[in-house]
Amino acid sequence: MTETPAQYLHHHGLRKTLGRELVLTTFLDQSRALSHGELNTLLGDQLNRASLYRVLQSFEESGIVHRVPDDEVSVKYALCSGACSSEQHHDNHVHFKCNHCGETQCLPEVKLPKVKTPDSLKVESAELLLRGYCRHCAA
Ligand SMILES: [Zn+2]
Ligand SMILES: [Zn+2]
Ligand SMILES: [Zn+2]
């Protein structure tokens, strides 16, 4: 991303607030999917839970982050690639979760495979979570 967090927010129609800038900067620094709990730990006292929740909600509605499938209870979020807007998300890619460190990452270059379903079903979305070992843990 060549834009500053403030410009990025502006392009997605969001007013710049301290909380939004903090959360966006954290996503950029970490470059992986983050859950509420992880963000809460990373941000510490800088942002309370309720504000964090509202920031994530506005980010998801504005096409800045997308939900990432996870096998845990908590939802994870990851930055969108840039093609997303408040109209529609285009994050039809595969995600990878490491069995060892638990980190989840987007694989934007890996598109979801086409799945043949019965004609009676209208599929609206699909998720695929691959499990294995990331390059740090595979050694
Ligand atoms: Zn998206
Ligand atoms: Zn790992
Ligand atoms: Zn993703």
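These legends accompany several close-up views of a predicted model.

View 1. Let us start with the overall picture: the protein has 4 helices and 6 strands. Their order from the N terminus is α-α-β-α-α-β-β-β-β-β. The C-alpha trace spans about 45 × 40 × 30 Å along its principal axes. For 139 residues, a compact globule would have a radius of gyration near 14 Å, and the 16 Å of the protein agrees with that. Buried residues make up 21% of the 139 residues. Among contacts with a separation of 6 or more, 47% join residues 24 or more positions apart.

View 2. Helix 4 covers residues 49-61. Val55, Leu56, Ser58 and Phe59 are the buried residues to look for here.

**View 3. What lies over helix 4, and what follows it.** The cover over the buried residues of helix 4 includes helix 2 (18-30), strand 2 (65-68) and strand 3 (76-79). After helix 4 comes Gly63, with a positive phi near 80 degrees.

View 4. As a reminder, strands of a sheet pair through backbone hydrogen bonds, either parallel or antiparallel. Strand 2 and strand 3 pair over 4 bridges, in the antiparallel sense. In this pairing Arg67 stands opposite Tyr77 of strand 3, while His66 has Ala78 of strand 3 as its bridge partner. Strand 1 and strand 3 are also antiparallel, over 2 bridges. Tyr77 of strand 3 is the bridge partner of Leu34.

**View 5. The two faces of strand 3.** Which residues of strand 3 point one way, and which the other way? Lys76 and Ala78 point one way, Tyr77 and Leu79 the other way, and all are buried. In general, side chains in a regular strand alternate between the two faces of the sheet.

**View 6. The largest nonpolar core.** This core holds 19 residues, and those touching the most other members are Phe27, Ala33, Val65, Tyr77, Ala78 and Leu79. Two or more residues each come from helix 1 (5-11), helix 2, helix 4, strand 2 and strand 3. In soluble globular proteins, nonpolar side chains tend to be buried together.

View 7. Ser31 sits in the loop between helix 2 and strand 1 (34-35). Its phi is positive, about 40 degrees, although Ser31 is not a glycine. Is Ser31 buried or exposed? Ser31 is exposed, because 11 other C-beta atoms lie within 10 Å and the cut-off for exposed is 12 or fewer.

**View 8. Cys84 and its surroundings.** Look for Cys84 in the loop between strand 3 and strand 4 (93-98). With 19 other C-beta atoms within 10 Å, Cys84 is partly exposed. Beyond its neighbours within four places in sequence, Cys84 is in contact with Gly63, His66, His89, His90 and Asp91. Ile64 is 20 residues from Cys84 in sequence, and their C-alpha atoms are 7.0 Å apart.

**View 9. Thr4, before helix 1.** Thr4 belongs to the segment before helix 1. Thr4 counts as partly exposed, with 13 C-beta neighbours inside 10 Å. Thr4 and Arg20 are 16 residues apart along the chain, and 12 Å separates their C-alpha atoms.

Note on methods
Residues are numbered from 1 along each chain as its sequence is written. Chains are lettered from A and ligands numbered from 1 in the order in which they are written. This is a predicted model: local features need pLDDT of at least 70, side-chain atom pairs count only at pLDDT 80 or more; totals for chains, interfaces and linings use all residues. The expected span of a helix is 1.5 Å times one less than its number of residues. A residue is buried if 20 or more other C-beta atoms lie within 10 Å of its own, exposed if 12 or fewer, and partly exposed in between; C-beta atoms are placed from the backbone. Two residues are in contact if their C-beta atoms, placed from the backbone, lie within 7 Å. The radius of gyration is taken over C-alpha atoms; the globule rule is 2.2 Å times the number of residues to the power 0.38. A nonpolar core is a set of buried Ala, Val, Leu, Ile, Met, Phe, Trp, Tyr and Cys residues joined through C-beta atoms within 7 Å. Two strands pair if DSSP finds at least two bridges between them.
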